[in-house]
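Please read them with the sequence and the structure side by side.

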Amino acid sequence: NDILVLDRASPEINPLEVLTGRVHEYRASVSRKSVAEHASRALAELSVDCPNLENDIRELTQSFLAQFQRRSTNLRVEIAETQLCPRFHCDNVNIRLVTTYLGPGTEYQFADDEFVHQASLNSLVFLKGHKHRTHSDRVLHRSPEVPAGVRRLCVVIDF
């Protein structure tokens, strides 16, 4: 399989803290030593004051680095009001982790099926990309439509 979706408990996040945040994205290459600094900086740039979210981003990134034995990885934290990537696709990475904290979850589709699946809020969506040695091009994904008046907060970690 090219996808693994793991449901998990939601960190305590007040949606109002995100709704007042800035529609923007923060991108950085992070290491184990710099994760805390970048998680804090990302939320500051998005004008989101939520220590639980900051802790969760830090823990997810640290776990990702350890799981895949990486010294560094790419981190993206974004607040969006529109569908950012409407086409089903596969990314040119090894592994990508996407989790949505607020708004509609990542959509994905298996190659031999027309049904569109949607990841639950807070679930961890691991996707193999084109660079992964066992990638089989069996799953495509996209960002979901974001209804008017709704915001989507998601974190993407990859290498």
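1. Ser47 sits in the loop between H2 and H3; helices (H or I, at least four residues) and strands (E, at least two) are DSSP runs, numbered from the N terminus. Ser47 has a positive phi of about 60° although it is not a glycine. With a relative accessible area of 43%, Ser47 is partly exposed; buried means under 20% relative accessible area, exposed over 50%, and partly exposed in between (1.4 Å probe, protein chains only).

2. On the basis of these notes: this is a predicted model, in which local features need pLDDT of at least 70 and side-chain atom pairs count only at pLDDT 80 or more, while totals for chains, interfaces and linings use all residues. Residues are numbered from 1 along each chain as its sequence is written, and side-chain values use heavy atoms, with hydrogens and water left out.

3. Asn122 is another residue other than glycine with a positive phi, near 75°. Asn122 belongs to the loop between strand S6 (117-118) and S7. Its relative accessible area is 4%, and Asn122 is buried. Just after H3, Gln69 also takes a positive phi, of about 50°.

4. Helix H3 has 17 residues and reaches 24 Å from its first C-alpha to its last, close to the 24 Å expected at 1.5 Å a residue; the expected span is 1.5 Å times one less than the number of residues. Buried in H3 are Leu53, Asp56, Ile57, Leu60, Thr61, Phe64 and Leu65. Seen down the axis of H3, these buried residues fall within an arc of 165°, so they line one face of the helix; the arc is that of the directions from the helix axis to the C-beta atoms. An α-helix has 3.6 residues a turn, so residues three or four places apart point the same way.

5. What do the buried residues of H3 pack against? They pack against strand S2 (24-31), helix H2 (35-45), S3, strand S4 (95-102), strand S7 (124-128) and S9; contact here means heavy atoms within 4.5 Å.

6. The largest nonpolar core has 30 residues, of which Leu53, Ile57, Val77, Tyr101 and Leu153 touch the most other members. Such a core is a set of buried Ala, Val, Leu, Ile, Met, Phe, Trp, Tyr and Cys residues joined through side-chain atoms within 4.5 Å. At least two residues of this core come from each of S2, H2, H3, S3, S4, S7 and S9. The largest share, 5 residues, is supplied by H3. Leaving aside neighbours within four places in sequence, Leu53 is in contact with Ile13, Leu43, Val48, Tyr101 and Leu153.

7. Thr99 is in strand S4 and is buried, at 1% relative accessibility. Neighbours within four places in sequence aside, Thr99 is in contact with Arg8, Leu60, Asn122, Ser123, Leu124, Leu153, Cys154 and Val155. Thr99 and Cys154 are 55 residues apart in sequence, yet 5.6 Å apart in space, C-alpha to C-alpha.

8. How many disulfides are there? The count is 0, a disulfide being a pair of cysteine sulfur atoms within 2.5 Å. The sulfur of Cys85 is 11 Å from the closest cysteine sulfur, in Cys154, too far for a bond. Cys85 is partly exposed at 31% relative accessibility, whereas Cys154 is buried, with a relative accessible area of 2%.

9. There are 5 aromatic pairs. Rings of Phe, Tyr and Trp (its six-membered ring) pair if their centres lie within 6.5 Å; planes under 30 degrees apart count as stacked, over 60 as edge-to-face and the rest as tilted. The ring centres of Phe68 and Phe159 are 5.8 Å apart and their planes are at 50°, so this pair is tilted. Phe68 lies in the loop between helix H3 (51-67) and strand S3 (72-80) and Phe159 in the segment after strand S9 (152-158), so the pair ties together parts that are 91 residues apart in sequence. Phe68 is partly exposed, with a relative accessible area of 27%.

10. Tyr108 and Phe110 form an edge-to-face pair, 6.0 Å centre to centre with 85° between the planes. Tyr108 is buried, at a relative accessible area of 12%, and Phe110 is partly exposed at 25% relative accessibility. One aromatic cluster is formed by Phe64, Phe68, Phe126 and Phe159.
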